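Here is a quick tour of a structure, written for someone who has it open on screen. Have a look around first, then read on.

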Amino acid sequence: MAHVIWFVPLLLMFLLVPLILLLFWGIMVYVCYLITAIPFFIIAKNCDFRFPWIAFIPMCKDYIAFTLPFNEYRLGFIKIKHRGIVFWPLFIFKLLGVILFFIWYINITIVKLLSVPAPETEGVFQSDIYSTIALVVFAVISFLIFALLSLIHWRKNYDLLKAYGMDQHAIWAPLVNIICPLVMVIFSYIIMNKEPINGGWGYYRNGL
């Protein structure tokens, strides 16, 4: 019985400490997101966007950035008139990424810490080869996904800057933003003080 009582605090430490750290990390990430969302809330409000508060929902400030420009979304041969359509697959994809991250985090911090390693060593070399191949494949797929997402967001930021008459920055700023996301944060604070798109006619022009 004494052994069980001694084990309970240790188990709670293994369970609670990672969760507390994850909660703290999540709060810090949201505070950083909030800083980037404020200008999009103001931009949407100035353009008479119906629900400007969605900017404060994680990942949803991109919906505002995608939909505010009035021109159709173009990426190579792809042309999309209703720009919001571009946002939803990205939102689902990012949401799945967050879920997978939580699964990975729980597996690393809780399952593996509490699991007892098996004594068998047979086939370790072969297992390492498979792990290396899987890692390379994962790295290649991750790079391709990153490249595709970067291209999609580049066009989004390009259209947004063009909509606010910042043509001289519309190409280089979104490109540099891929490496340093702080660039578009600065530009979002700049354009939030500019005249609303189309002189303040409102986002829902022509009944849209």
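Which residues form a nonpolar patch on the surface? They are Phe93, Ile129, Tyr130, Ile133, Val137, Ile141 and Ile145, with about 620 Å² of accessible area together. Helix α4 supplies the largest share of the patch, six residues. Tyr130 sits in helix α4, and at 51% relative accessibility it counts as exposed. For the rules: a patch takes residues with over 30% relative accessible area and no salt bridge, joining like charges within 9 Å and nonpolar side chains (Val, Leu, Ile, Met, Phe, Trp, Tyr) within 5 Å. Accessible areas come from the Shrake-Rupley method with a 1.4 Å probe, and for residues only the protein chains shown count as cover.

Before going further, keep in mind that this is a predicted model, where local features need pLDDT of at least 70, side-chain atom pairs count only at pLDDT 80 or more, and totals for chains, interfaces and linings use all residues. Residues are numbered from 1 along each chain as its sequence is written, and side-chain values use heavy atoms, leaving out hydrogens and water.

**Confidence and layout**

The chain averages a pLDDT (the predictor's confidence in each residue, from 0 to 100) of 78, and 74% of the residues score at least 70. Confidence is lowest in α3, at a mean of 73, and highest in helix α6 (residues 182-191), at 94. Where pLDDT is low, the predicted coordinates should not be read in detail.

There are six helices and two strands, running α-α-β-β-α-α-α-α from the N terminus. Both kinds of element are DSSP runs numbered from the N terminus: helices are H or I with at least four residues, strands are E with at least two. Of the 208 residues, 30% count as buried (buried is under 20% relative accessible area, exposed over 50%, partly exposed in between, with a 1.4 Å probe and protein chains only).

Helix α5 (residues 172-179) has Ala173, Pro174 and Asn177 buried. Seen down the axis of α5, these buried residues fall within an arc of 95 degrees, so they line one face of the helix. That arc is taken from the directions from the helix axis to the C-beta atoms.

**Charged pairs**

The count comes to six salt bridges, each being a side-chain nitrogen of Lys or Arg within 4 Å of a carboxyl oxygen of Asp or Glu.

| Pair | N to O distance |
|---|---|
| Lys61 and Asp62 | 4.0 Å |
| Glu72 and Arg74 | 2.9 Å |
| Arg83 and Asp159 | 2.9 Å |

Glu72 is partly exposed at 26% relative accessible area, and Arg74 is partly exposed too, at 41%.

The side chains of Arg83 and Asp159 meet in a salt bridge. This pair links distant parts of the chain, 76 residues apart: Arg83 is in the loop between β2 (78-80) and α3 (84-114), and Asp159 is in helix α4 (residues 124-163). Arg83 is buried at 4% relative accessibility, and Asp159 is buried at 3%. Salt bridges that share partners also join Lys61, Asp62 and Lys156 into one network. Both Lys61 and Asp62 are buried.
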